Amino acid sequence: MLKVDGHDDAILGVGKRFNRAEVWVYSVDKICQTLVERDGMSYDEAMEFYDFNIIGSYNGDGMPIFLRPYETY
């Protein structure tokens, strides 16, 4: 299972899909909160960083799942 470096505190659990390996499930909100607090980014900068550098860096079948609350859509 692939992990996102520096964001273990954003792990919500493990996800499983039919006939595929388990993957880590991360909280998008917690990742962005860490980027804001730890790295001094604005929220918009954190979302841009997440979009481009985290979810945008597809790493194959072991890629984690990233969860956002339904209310944010």
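Colleague: Let's start with H7. Is H7 buried or exposed?

Modeller: Buried. This is a predicted model, and in it H7 has a relative accessible area of 2%. The cut-off for buried is under 20%, so H7 qualifies.

Colleague: Where in the chain is H7 found?

Modeller: In the segment before β1, the strand that covers 11-15.

Colleague: And what does H7 touch?

Modeller: Leave out residues up to four places away in sequence. Then H7 touches Y26, I31, T34, L35, R38 and I54.

Colleague: Let me step back. How many helices and strands does the chain have?

Modeller: There are 2 helices and 3 strands. From the N terminus on, the order is β-β-α-α-β. The radius of gyration is 12 Å, close to the 11 Å from the globule rule for 73 residues, so the chain is as compact as a globular protein of that length.

Colleague: What does the C-alpha trace span along its principal axes?

Modeller: About 40 × 25 × 20 Å.

Colleague: What share of the residues is buried?

Modeller: Buried residues are 30% of the 73 in the chain. As for the surface, the chain exposes about 5,100 Å². Carbon and sulfur atoms supply 53% of that area.

Colleague: How much of the contact set comes from residues 24 or more positions apart?

Modeller: 40%, counting contacts with a separation of 6 or more.

Colleague: Now the inside. How many residues are in the largest nonpolar core?

Modeller: It has 15 residues. Those with the most contacts inside the core are Y26, V28, I31, C32, Y50, I54 and F66. At least two core residues come from each of β2 (23-27), α1 (28-39) and α2 (43-54). As background, nonpolar side chains tend to be buried together in soluble globular proteins.

Colleague: C32 is on that list. What does C32 touch?

Modeller: Y43, A46, M47 and Y50, again skipping residues up to four places away in sequence.

Colleague: Take A46, then. Where is A46, and is A46 buried or exposed?

Modeller: A46 is in helix α2. A46 is buried, with a relative accessible area of 0%. Leaving aside neighbours within four places in sequence, A46 is in contact with C32, L35, V36 and M41.

Colleague: And how far is A46 from V23?

Modeller: Their C-alpha atoms are separated by 23 Å. Along the chain the two are 23 residues apart.

Colleague: V36 came up as a contact of A46. Where is V36 found?

Modeller: In helix α1. V36 has 30% relative accessibility, so it counts as partly exposed. Beyond four places in sequence, V36 touches M41, S42, Y43 and A46.

Colleague: How far is V36 from P69?

Modeller: 19 Å between C-alpha atoms. The two are 33 residues apart along the chain.

Colleague: Which residues does F49 touch?

Modeller: L35, M41 and I54, not counting residues up to four places away in sequence. From F49 to C32 is 8.7 Å, C-alpha to C-alpha, across 17 residues in sequence.

Colleague: Last one, charges. How many positive and negative charges are there?

Modeller: The chain has 7 positive and 13 negative charges. Their mean positions are 9 Å apart.

Conventions: Residues are numbered from 1 along each chain as its sequence is written. This is a predicted model: local features need pLDDT of at least 70, side-chain atom pairs count only at pLDDT 80 or more; totals for chains, interfaces and linings use all residues. Side-chain values use heavy atoms; hydrogens and water are left out. Helices (H or I, at least four residues) and strands (E, at least two) are DSSP runs, numbered from the N terminus. Buried means under 20% relative accessible area, exposed over 50%, partly exposed in between (1.4 Å probe, protein chains only). Contact means heavy atoms within 4.5 Å. The radius of gyration is taken over C-alpha atoms; the globule rule is 2.2 Å times the number of residues to the power 0.38. Accessible areas come from the Shrake-Rupley method with a 1.4 Å probe; for residues, only the protein chains shown count as cover. Lys and Arg count as positive and Asp and Glu as negative; His and the chain ends are not counted. The place of a charge is taken as NZ of Lys, CZ of Arg, CG of Asp or CD of Glu. A nonpolar core is a set of buried Ala, Val, Leu, Ile, Met, Phe, Trp, Tyr and Cys residues joined through side-chain atoms within 4.5 Å.
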